[in-house]
Amino acid sequence: MIRRLYVGILVGLTAVFVGGCSVSYSFSGASVDYALSKTVSVGYFNNMAAMVAPILSPTFTDELQSKLASQTRLQVVPEDGDLSFTGEITGYSSDPVAISGEEYAMMNRLTITVRVKFVNKAQPQFSFEKTFSNYEDYNTNVLLTQAEGTLIPQIVEKLVDDIFNEALSNW
């Protein structure tokens, strides 16, 4: 009789502790508490860099929205989401990186820098304002205007992955 009582208490306490805890697993690497956050908004990232590529702002903004929509269960809303991303493109530059023995550049590097403000209304300790930068190299035999169509999406994908991981992978 007493043994059954102890076993019953133990089972009851286990159920309370297990029921009160929640762990969220995701193959995307996102760690979002969906009980607290249901929506996400992404503001348009204006290109404030000295050098401007017309496709950069829409490409970056669309890629960030797409990543959030496909890798989380959050509903993307136009503004005032439980989670929000705003910011601007602050850098866009092409510089020589591989110099040959005759001091000629063999490769150029396109670098894109983005300032991001991430706000988590439910868990403000995870909010941040941070600058992210990434690059791709290309041959000097190719003009930047010819390479941009390939390079920009590659760099943007890396930037979006870095931002996504910083904001939603609370390891």
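The model is predicted: local features need pLDDT of at least 70, side-chain atom pairs count only at pLDDT 80 or more, and totals for chains, interfaces and linings use all residues. Residues are numbered from 1 along each chain as its sequence is written, and side-chain values use heavy atoms, with hydrogens and water left out.

**Exercise 1.** Determine how many salt bridges there are, and describe the one between Arg-115 and Glu-88.

Solution. Step one is the rule: a salt bridge is a side-chain nitrogen of Lys or Arg within 4 Å of a carboxyl oxygen of Asp or Glu. Applying this rule gives seven salt bridges. Step two concerns the pair itself: Arg-115 and Glu-88 meet through their side chains at 3.7 Å, N to O. This pair links distant parts of the chain, with Arg-115 in strand β5 (residues 105-120) and Glu-88 in strand β4 (residues 83-99), 27 residues apart. Strands (E, at least two residues) and helices (H or I, at least four) are DSSP runs, numbered from the N terminus. Step three is accessibility, where buried means under 20% relative accessible area, exposed over 50%, and partly exposed in between (1.4 Å probe, protein chains only). Arg-115 is partly exposed at 26%, and Glu-88 is partly exposed at 24%.

**Exercise 2.** Identify which elements are linked by the salt bridges Glu-166 to Lys-130 and Lys-158 to Glu-136.

Solution. In the salt bridge of Glu-166 with Lys-130, the closest N and O atoms are 3.2 Å apart. Glu-166 belongs to helix α3 (residues 144-168) and Lys-130 to strand β6 (residues 128-139), so the pair ties together parts that are 36 residues apart in sequence. For Lys-158 and Glu-136, the N to O value is 2.7 Å. Lys-158 is in helix α3 and Glu-136 in strand β6, 22 residues apart.

**Exercise 3.** State which residues of helix α2 are buried, and why they are on the same side of α2.

Solution. Helix α2 (residues 56-71) has 16 residues. Its buried residues are Leu-56, Ser-57, Phe-60, Thr-61, Leu-64, Lys-67 and Leu-68. They cover an arc of only 130 degrees around the axis, and are therefore on the same side of α2; the arc is that of the directions from the helix axis to the C-beta atoms. Finally, the cover over these buried residues includes β1 (39-42), β2 (46-47), β4, β5 and α3, where contact means heavy atoms within 4.5 Å.

Technical notes
The expected span of a helix is 1.5 Å times one less than its number of residues.
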